[in-house]
Each structure stands twice: as structure tokens, then as C-alpha cells.
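Here's a quick briefing to read with the structure open next to you. Take it one topic at a time, and look for each residue as it comes up.

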Amino acid sequence: MDTTTPAARDVRYRTCPLCEAMCGLELEIEGDRVVRLRPDDADVWSKGYVCPKGAILPQLHADPDRLRAPLIRDGEAWREATWDEAFRRCAELLGGVLARHGKTAISAYIGNPTAHNFSLARYVGLFMGLSQLPVIYSAGTVDQWPKNVSCMLMYGHMWWIPTPDVQRTQYWMILGGNPQASQGSLLACPDLLGEIDRIRARGGKTVVVDPRRTGTADRADEWVAIVPGTDAAFLLAICNVLFAESLVRLGDLADVVNGVDEIRAAASDFTPERVAATCRIPADTIRRLAREIAAAPSAAVYGRIGLCNQEFGTLASALVDVVNFLTGNFDRPGGLMFGKPIAWSVNSLPNPEFASGLEFGRWKTRVRGAAEILGQAPLSCMAEEIATPGEGQIKALITIAGNPAISAPDAGRLDEALPQLECMISVDNYLNETTRHAHVILPGLSPLEQPHFDDLITMWAVRSAGNYSAPVFPPVPGRPAEWEILLKLGALAGGMTLEQIDVGAIDDGYFAALAMAQGVDAATILPLYEGRGPERLLDLQIRSGPFGDRYGERPGGLTLQSFVDAPHGIDMGPLVPRLRELLATPSGKVELAHGHVMADVPRLRARLDRPVQRLLLVSRRHLRSNNSWMHNLEPLVRGRDRCTLLVHPDDARPRSLADGALARVTSEAGTILVPVRVSDEMMPGVVSLPHGWGHDKDGIRLGVARRHAGVNSNILSPGRLVDPLSNNAVVNGIEVEVAPAG
Ligand SMILES: Nc1nc2c(c(=O)[nH]1)N[C@H]1C(S)=C(S)[C@@H](COP(=O)(O)OP(=O)(O)OC[C@H]3O[C@@H](n4cnc5c(=O)[nH]c(N)nc54)[C@H](O)[C@@H]3O)O[C@H]1N2
Ligand SMILES: Nc1nc2c(c(=O)[nH]1)N[C@H]1C(S)=C(S)[C@@H](COP(=O)(O)OP(=O)(O)OC[C@H]3O[C@@H](n4cnc5c(=O)[nH]c(N)nc54)[C@H](O)[C@@H]3O)O[C@H]1N2
Ligand code: SF4
Ligand SMILES: [Mo]
């Protein structure tokens, strides 16, 4: 007979932090174990929707390979260290580089999970402020930088990115996005495939424009195959038809829009007939789609990563919004709308770029001379800046939740460059392809050990909703949260000594500065708080946000406590028109045709006549992957090999590529071997590889991922290829040769 008293069972609610769907989970815990996990049907936002990754949080928490203590390199070996020791080692390494080479020798790389992490997202700004690093890199320039640039120029803020109001639209056009896998990006809405069904049920339509017939395309009403990198030409042809057939309707935004005539002029020679062969979309189809968008009671044209990580990223990203304006679908229900987050986020902070008027190229990268854009250098420059000797060479690199050895273009070159660093410090939870090169690894807490509340993602959420999650498990005592790690690293890189760093005083100063930026008097509110860190900031974000109580000025307004009291979240309703309230361009108008963007039209025109000689490679995602870092969880990698090259039968046959056989794929950047999957889901002439694989490296501590290694598609991405308007990497539409291996 069992006489032990069972540990009390407890139910916790928690938002999955892994992607923009923000699903609510219900966890039953017993002691330090999750005994049951279910979707939270009562969650006001996700209403019971989850994907297989959310269900894996307990395994992620329990993953024996997840780091729980700092690691310090001892020659070729690693040893676990105390936090004290680890910070002392960081101080020594950073101090040494500062003394020998000065500030310009230190740089940082900020990776994607930063945006999904409660501490990191709120404190990465403090890290940059304290360190004052002259050049930083991020996953942003292999992601949404083109959209940041186009929104900066059109609306006056790089983070005012409009999102399709899919829950109310009658016509959704998706270009270069696959919510079936990604669950939405720069678009937060749970169950997007369900939304496609609901659009159809209310008499509407969804069209997917993509070189691959994706899971989203399968669920949609129409798939339009397009040659990678030609979306800007397609969108200009749509504009051409709108003007030619007098379908342009600016509606009540006519008085705030500049540049309609410039768009008309630019589009004048991009007739459907002129672009048809380049895009490989019949002219009739383009004409019909333009008419459909114009005729729909409401329409939302939306572009995502396939439109950004490509040759004409900025032009295509801008034209997406232009089509919405021209058809009267901007800033109205069912069209493209701006989010209204309950907890204000970076789009409520001033744009530093506008302090002295917008300027790009305030500095140039040392080796290649690439112009700074929105404060960043292209990620594809990082390898050469580390490897090329001379004044300003990167000698110290701090990576924050990033795996650039896999995710950066020309990854092979970066992997060779990283060991040359005199100091590499990684804030990361795994010893992986990137962090294996570090001297110190500082792990953060598991998602179940920290609070959560999304702010960044709600900038493009389809409703004003929010949900606070308390930590499910208490962190091991003595372990710092990541905000404290960032604070210390930022201060060290900024030249302070460990003894000089007063965490409390610095955090108070940061809080006060952010309060002031929201028009709240910090001196009055600071005494209200006992604790420090991101939860105090979150309370400020909510209370000084659009629905907040403004510290008593608006009785009944929201505070963090309101969310503590509402474990299933709070929903403040659907989106509302906001364009006029937030427009921040120098002209006070929307710049549909900013000179920086329109200067690219001649390059696009030249593309129309450029023949494509080889196969074009594009990337893809899978529902059970998360970029490069979740392949260490068995349930997510089970089943047939997903790291395969998709090839259309018409391309496979003449090359003697058999389904399942190994192919050799070669680009100007490198060569990889990968199994082929022959499938008519590709349009002929285009092949597809997932990114985020290649876990067969020496020295990594990823037991499961190593057994499902796959290959790194970014070995093939030439670092020299960028969208010149944004510096964003071109990893889609790159020319490759494919042949049987052996
Ligand atoms: N060819 C090709 N390349 C691409 C893309 C593509 O479509 N095709 N997509 C690009 C895009 S959109 C992106 S965003 C980038 C992603 O590029 P990265 O951000 O560089 O890569 P991730 O794979 O997201 O790696 C995340 C890292 O963070 C760590 N991590 C996870 N959670 C946490 C946490 O809570 N705290 C800390 N400290 N660390 C954590 C993981 O261990 C891992 O090392 O890749 C880009 N690269
Ligand atoms: N499960 C899962 N979810 C994720 C991620 C993940 O790795 N796994 N990553 C997250 C991140 S960091 C991001 S940024 C988002 C990205 O979210 P999405 O933008 O939805 O990304 P993908 O699923 O890669 O879909 C991109 C599509 O663009 C197509 N494409 C490629 N080139 C072109 C082109 O030139 N033109 C057009 N029209 N289409 C093109 C590809 O075939 C692909 O179907 O997903 C996020 N969510
Ligand atoms: S879709 Fe999946 S990964 Fe994204 S938030 Fe929901 S459960 Fe998490
Ligand atoms: Mo991304």
C-alpha cells in the first residue's frame, strides 16, 4: 500500500510563447511535473486552439540537454560554473577586448526568440543603450527588415506594420506566407486555417500567391504560382489594372495619401502582358485578381517572409500596402489595419531615426561598405567583419537567443569565422551550432519558469487582447532572469566593471526613462513598486497603454493586477482605424511612393528581361519545427525526414533525380547533399528546402537533434545577395544546380 501523500494537483494557465498565435494552455501540475496539458478552451484569444509545439513545453522544460547553469570554456572542454564565476569571466573577456581594441571591436547578434521572451524582449533595448555598441546585427535582416523600411517611409515608424484583419475580411490574398506551417507572422491570430474556412463560409475568398502549393494554398480557394522574387512586378501589374480600369478608390483616406500619381506612372509599363512571362502568371489571371480585390466588399492583401527575404523585398513589401490603399482597404475593418496592443510596445517609443530627419547610410560597414539601414548592418556582413583583419575588426561577439551559424546567409563562412573571436558570449539555452564557438554560455530560464505577456506580437494582433502568465514553476534559487543577464552584459560591454554595476539603480533608471517617454512622472510611481524587472515594466506598459488606468487618472482602467485576476486573458475588442492618429512622416501624409523605394523600379524593370538559367531555391517551414532550435524534442522530429529538397516531376526527370535519392545542390556559395522529394506541389523551375537544419556539428549538446541532423540550407545562400533598399538577405529565389549525388 502506498502511504505517501500525493503532491497536490494544481491547474495553471499559460500562454505559449513560441509563436504569434499566442495559444492559451491549461497545465495540471504535481510538484515539479506537468501531469497534463490541454488547450485552454476558455482563453479569450485562442479559444482552445493549439499546435503540436505548444504541447511540447513540458518536454522542453525537462529536456536534459537544456542548459541550467553557465558554461565556461576550458580549452576544448566545457565546465559548469557558478553565476558569479561566469560573470567574472565575461568581465575579463570583454574588458580585455575593450582594452586591446576599443569599443568598435565589440558587436552583438540578436536572434528571434528575443521577441518571444518576457525578459529579453523588454531588456534588449537596455542592453543596447548601456553598451552603445556601434554596430549590431540581428535576425531582422534575414526577416522583416524590408517591411520595417517600407513602414518607416510610408507611415513614419518602422514598427507600425499593418496586419490583415482576417477575422472580418471578405478577401484575403497571401503572398509569400504559409500560416499552415508558421501560424502567422507579422499577423497574430489563432487558427488561421480556420479563418480561411470562415472567410469562405461568409461568402469570401482566399488566394495564395506562392511558388509552392503549400498547406495554406491547399486550404485556400485559389493557388497562384509565381516565380520567386517577381512579386513586385506582379503587384505593380495589379496597380496597372486598377488605374487602367478606373478601379482606384482611395475612399476617405484621399486627403492623407501622397504619391498616387507616382504609383500610376511607375505602374504604367507594368501591364499584365508585360510581366506575365517573368512572373509566369497569365495576364488574364492578374487582371482578374485585380478586379476581384477591387470588387470585394473588403480585402486584405498581405505579404510575408517570401516577400521580404527576396531580391525586391522592400519594393514588394511597400506595394502590398499600396494595393490596399488603392482599393480603399487600408485602415478599415476587413482590410489592413494597425494593431492596438493593451501593453504598449516598441511602436509607442520614439523612432530614434527621426531625431535628425530620416537618413540611411549614416555609417558604412568596414569591409563591404554596406550602408547602415535603420541602425543595422546586414547580417550577411558579420562573417567578413569577424574574419577580415584591420582597425574595427570584430573581436568580441555577444549572441542573444540566436543561432546564426545556421540561420545566417553564407552560414558556412560564419561558422568558420566564429572561432577567430577573442571573446564570444552567448545568452542561450543550448550548446548548439553557434554557441559551441562561445567562451561563456549564459542560459536563460525555461518558458515554464518565467512570467509571460506578449507585447511585441500584439502590435499586429487582430484584436486588442492580452494574457498574463505567472511562472508555472519557480526558478532554481540564485539563477538570474535574462533581463539581469542582459543588463550586466550591456554594462560590461559599455565599459563598466562588475563592481560598478548597480542592477537596481540601472533598472530604476530604465523604468523611469520609459515612464517619461509615455508621459508618466516616474518619481511619483516608482515608490508604488517593490519588485524590479520586466513585471514592473509590464505594469507600466499596461497602465500607460490605451486601456490602462494611467495610475488613477482613468478609474477602472487596466493594470497588471487586472490580468492576474483574469487567468484566461482580457479582450478589448477588434481593431479600430488608427492611421490618422499615428501617422508620423515628415509630410504628415502616407508616402505611397517614397523616393527611396521608387528608385528601385528601374532595377525591377531590368529584372523583367533577365532570363533565369537555373532552378530557383526557396525556403519553407514546418509546423513541428521552430527555425533551428526545436529539433531536440523527439515528438517534433519523429516521422519521415522533413529536411528534403522538393522538386517538381518535370525538373526531376531530365536530371534523373529519383524520389528519396540523394541530390547534390550547388549555388555560388556552396554545395550540400540532401534527399529529394519529387512533388507537384512545387511549380516547375523552383525547388524548396527548409531552413534551420544541419545539426551534425562536433561539440554540440543536442542528443536528439543530432540523430535528425538534416543539412543547413544557408550554406547555399550567397552572402553578397541583399535587397539593397533594406540590407535584407536574399535567401529566396537563389539560383542552384541540382544533380544526383554520386
Ligand atoms: N534560408 C533561410 N534562412 C533563414 C530564414 C529562412 O526562411 N530561410 N528565416 C530567417 C528568419 S525569419 C529568422 S527569424 C532567423 C532565425 O534566426 P535565429 O534567431 O538566429 O535562429 P533561431 O533558430 O531562432 O535560434 C534561436 C536561438 O535561441 C535559443 N533560444 C531559444 N529560446 C531561448 C530563450 O528563451 N532564451 C535564450 N536566451 N535563448 C533561447 C536557441 O537555443 C537558439 O540558439 O532565421 C532566418 N534564416
Ligand atoms: N512552425 C513554425 N512556425 C514559425 C517558424 C518556424 O520556423 N516554424 N518561424 C517563425 C518565424 S521566425 C517567422 S519569420 C515566420 C514566417 O512565417 P511565414 O512568412 O508564413 O513563413 P513560411 O512558412 O516560411 O512561408 C513562406 C512562404 O513564402 C514562399 N516564398 C518563397 N519565396 C517567395 C517569393 O519570392 N514570392 C512568394 N510569393 N512566395 C515566396 C515559400 O514557398 C513559403 O511558402 O514563421 C514563424 N513561425
Ligand atoms: S500555434 Fe503552436 S507554437 Fe504557436 S503559440 Fe500556438 S501552441 Fe504555441
Ligand atoms: Mo523570423
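This is a predicted model: local features need pLDDT of at least 70, side-chain atom pairs count only at pLDDT 80 or more; totals for chains, interfaces and linings use all residues.

**The layout**
- The protein splits into domain 1 (6-62), domain 2 (71-134 + 379-452 + 468-568), domain 3 (145-341 + 579-603) and domain 4 (611-740).
- Notice that domain 2 comes in three pieces of the chain, 71-134, 379-452 and 468-568, while domain 3 is written as 145-341 plus 579-603.

**Domain 1 against domain 3**
- On the domain 1 side, seven residues make contact, and they meet 10 residues of domain 3.
- Together the two domains bury about 720 Å², with 60% of that on carbon and sulfur atoms.
- Sort the domain 1 residues that touch domain 3 by class, and you find five nonpolar, one polar and one charged.

**Around ligand 1**
- Ligand 1 has 31 residues around it, and the closest are Tyr-109, Asn-112, Asp-428, Glu-482 and Ser-628.
- Tyr-109 puts a polar side-chain atom 2.6 Å from an oxygen atom of ligand 1.
- Glu-482 has a polar side-chain atom too, this one 2.7 Å from a nitrogen atom of ligand 1.
- Look also at Asn-627, where an N or O atom of the side chain is 3.5 Å from an oxygen atom of ligand 1.
- How much of ligand 1 does the protein bury? On its own the ligand exposes 920 Å², and 97% of that gets buried.
- The shell is made of 12 nonpolar, 15 polar and four charged residues.
- Domain 2 and domain 4 each give at least three residues to this shell.

**Around ligand 2**
- Here 32 residues surround the ligand, and Ser-182, Asp-210, Asp-231, Ser-625 and Asn-627 are the closest.
- Check the backbone for these: an N or O atom of Val-209 lies 3.1 Å from a nitrogen atom of ligand 2.
- At Ile-305, a backbone N or O atom is 3.1 Å from an oxygen atom of ligand 2.
- Leu-623 has a backbone N or O atom 3.2 Å from a nitrogen atom of ligand 2.
- Taken alone, ligand 2 exposes 930 Å², and the protein buries 97% of that.

Technical notes:
Residues are numbered from 1 along each chain as its sequence is written. Chains are lettered from A and ligands numbered from 1 in the order in which they are written. Side-chain values use heavy atoms; hydrogens and water are left out. Domain bounds come from an automatic or database domain assignment. Contact means heavy atoms within 4.5 Å. Buried area is the accessible area (1.4 Å probe) that two parts lose on being put together, summed over both. Ala, Val, Leu, Ile, Met, Phe, Trp, Tyr, Cys and Pro count as nonpolar, Asp, Glu, Lys and Arg as charged, and the others, Gly among them, as polar. A residue is near a molecule or strand if one of its heavy atoms lies within 4 Å of it. A polar contact is a pair of N or O atoms within 3.5 Å; within protein, one must be able to donate a hydrogen and the other to accept it, and residues adjacent in sequence count only if both atoms are side-chain atoms. Accessible areas come from the Shrake-Rupley method with a 1.4 Å probe; for residues, only the protein chains shown count as cover.
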